[in-house]
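Thanks for coming. Please have a look at the structure before I start.

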Amino acid sequence: MIGRLLPWSTGTAAWNMAVDEALLTTYLQGTSPMTLRFYGWDPPALSLGYLQQSLSPARQGRCRRAGIDWVRRPSGGRAVFHEHEITYVLVTGAQDGFAGPVLADYQRIGLGLQRGFALLGVPVELAPGTRPGKGAVSEACFAAPSWYELTYEGRKLVGSAQLRREKALLQHGSILLTFDPWFWQEVWAEAPTQARAEGTQFQRQVVGLQEALGAVPDRSVVISALRQGIGEVLDVGWQEGSLTEEELCLAKRLQKEKYTNAEWNNRRGRSVSALGGTRPAMEEEASG
Amino acid sequence: MIPSDLKYTPDHEWVREEGDRVTVGITEYAQKELGDVVYVDLPAVGEKVKAKAGMGSIESVKAVSDIYAPLTGEILEVNDELQFNPELVNQDPYGKGWIAVIEVTAAEERENLLSAEEYQKLTGEK
C-alpha cells in the first residue's frame with residue numbers, strides 16, 4: 001500500500017485544523033489518498049476537544065496577553081497546549097484497512113508510533129486505559145494517558161485524538177519534545193492553588209522526548225523514524241507529496257469559515273466537573 | 001441480538017416507528033465499534049434534520065463520531081438522561097440509550113430503511 005507523506009510545515013492553530021479537516025474531506029470524496037503529515041504551531045496555541053467546554057473569558061484574556069492562539073479541534077479529547085512538539089496527523093479509512101472498532105484502530109496507529117520511537121532508541125509503552133469515572137477529571141489531555149496512548153516510564157509522551165466520519169478517520173496527536181508546565185500554571189489555572197497542583201501533577205505525569213533521549217531531538221531524525229515505524233506496522237510505503245489545489249482551497253475556506261469563527265470556537269461543550277460526571281456547559285454555568 | 005421490530009440504516013442507527021414519530025438510537029454494532037461512550041452531543045428540540053445529515057455527535061474514548069439522522073423531520077424530544085449517563089448507549093442501546101424522537105416529514109424515505117434481516121446481512125451480527 002502506498003500513502004502520501006506531506007512535508008513539514010508550521011501554521012496557526014486555525015490553519016493546522018483546517019488542513020487536517022480538508023485532508024479528511026478529500027479522502028472521503030476519493031480525491032486524496034491515505035496521508036501522513038507532521039507539523040508545528042506558530043504561534044504556540046491551545047487546542048480544545050470538539051465537545052469540550054469553551055474557554056472562559058478569563059482564560060481567553062490570559063491567552064491573548066501571553067500571545068497564545070487557541071482553537072477548537074474537530075476531534076475529541078481534552079485540552080492540549082502546543083509549543084515544543086511535533087504534531088502528527090494520519091488520515092485513513094476502511095478502504096485502507098481501518099474499519100474500526102475505534103480502539104483497534106487506535107492500537108494499530110499506536111503500535112506504529114511505538115515502532116518509530118523504538119527506532120529512535122526510546123522504548124515506549126501503550127497505556128491500557130480505563131473507562132473514565134464520574135469523579136473529578138482534569139480538562140487537560142496530558143494529565144492522564146488514555147487507551148493505547150504512548151508513555152515512557154509511565155509518563156505520557158504522546159496525546160492523540162480522533163474524528164471519525166463515515167468510513168474514514170483522522171487521528172492527530174502531539175509528540176512532546178520538551179515539557180514545561182508554565183502554560184498550565186500561568187495561563188490555564190484559574191487560581192494559584194490550582195496552578196501549583198497542576199504544575200506538580202504534570203511534572204510527574206508528562207515527559208518530553210528530550211528527557212527520554214537525554215539529548216535535544218533533531219526534528220528531521222524524529223520524523224524519519226516515526227514515518228518509518230508507522231509505515232512498517234501499517235505496511236504502507238510513503239510517497240512524498242504536497243497539498244493539492246482542492247485541499248488548499250478547502251483548507252482556506254475552513255480556516256475562514258470555521259476555525260477562525262467565534263461561533264465554532266466558543267460553541268457550548270461539556271464540562272468535566274468535580275460535581276460528578278460530565279454536564280452540559282450551560283448547566284454548569286447556571287449552577288454557579 | 002438485532003431487534004426484529006426495528007428498522008435500521010447503513011450508518012448503524014435504529015428506528016422505532018410510531019406513526020409519524022420515530023425514536024432513534026445507535027445499534028449494538030455501533031456502540032461496540034465506538035467503545036465506551038463518554039459524551040453525547042444531542043440535537044436540539046425543534047431542530048430540523050435531514051436524512052443522512054449529522055444530528056449531533058458521540059464522543060467515545062478520544063474519538064468523536066457524527067450521529068446521522070435516519071429520516072428527515074423535526075426533533076421532538078431528546079434523551080436528556082444521556083447527558084449524565086452516556087454509558088446507557090453502551091449498556092442498553094435499543095432501550096434506555098435512545099437518542100431522539102423525530103417527527104418525520106418525508107414519509108417516502110422510510111422505504112430506504114433496512115429491515116432487521118437486511119441489517120444483519122450488512123453487519124454479520126446475529
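A search of the whole structure gives 16 salt bridges over all chains. A salt bridge here means a side-chain nitrogen of Lys or Arg within 4 Å of a carboxyl oxygen of Asp or Glu. Side chains of opposite charge can pair when their charged atoms come close.

Before the examples, some notes on the source. This is a predicted model, where local features need pLDDT of at least 70 and side-chain atom pairs count only at pLDDT 80 or more, while totals for chains, interfaces and linings use all residues. Residues are numbered from 1 along each chain as its sequence is written, chains are lettered from A and ligands numbered from 1 in the order in which they are written, and side-chain values use heavy atoms, with hydrogens and water left out.

Start with A:Arg4 and A:Glu247, which form a salt bridge whose closest N and O atoms are 2.7 Å apart. A:Arg4 is in strand E1 (residues 2-5) of chain A and A:Glu247 is in helix H8 (residues 245-259) of chain A, so this pair ties together parts that are 243 residues apart in sequence. Helices (H or I, at least four residues) and strands (E, at least two) are DSSP runs, numbered from the N terminus.

Are these two buried or exposed? A:Arg4 is buried at 8% relative accessible area, and A:Glu247 is buried at 0%. Buried means under 20% relative accessible area, exposed over 50%, and partly exposed in between, with a 1.4 Å probe and protein chains only.

Next, A:Lys156 forms a salt bridge with A:Glu149, the closest N and O atoms being 2.6 Å apart. A:Lys156 is buried, at 0% relative accessibility, and A:Glu149 is buried too, at 3%.

A:Arg227 sits in helix H7 (residues 219-234) of chain A and A:Glu240 in strand E13 (residues 237-240) of chain A, 13 residues apart. A:Arg227 is partly exposed at 23%, whereas A:Glu240 is exposed at 65%. Elsewhere, salt bridges that share partners join A:Glu21, A:Arg165, A:Lys258 and B:Asp66 into one network.

Now the sheet. Three strands of chain A form an open sheet in the order E5-E4-E6, with mixed pairing. Two strands pair if DSSP finds at least two bridges between them. E5 (69-72) and E6 (80-82) of chain A stand at the edges with a single partner strand each, so one side of each has no neighbour in the sheet. Strand E4 (residues 45-48) of chain A runs parallel to E5(A), joined by four bridges. A:Leu46 stands opposite A:Trp70 in E5(A).
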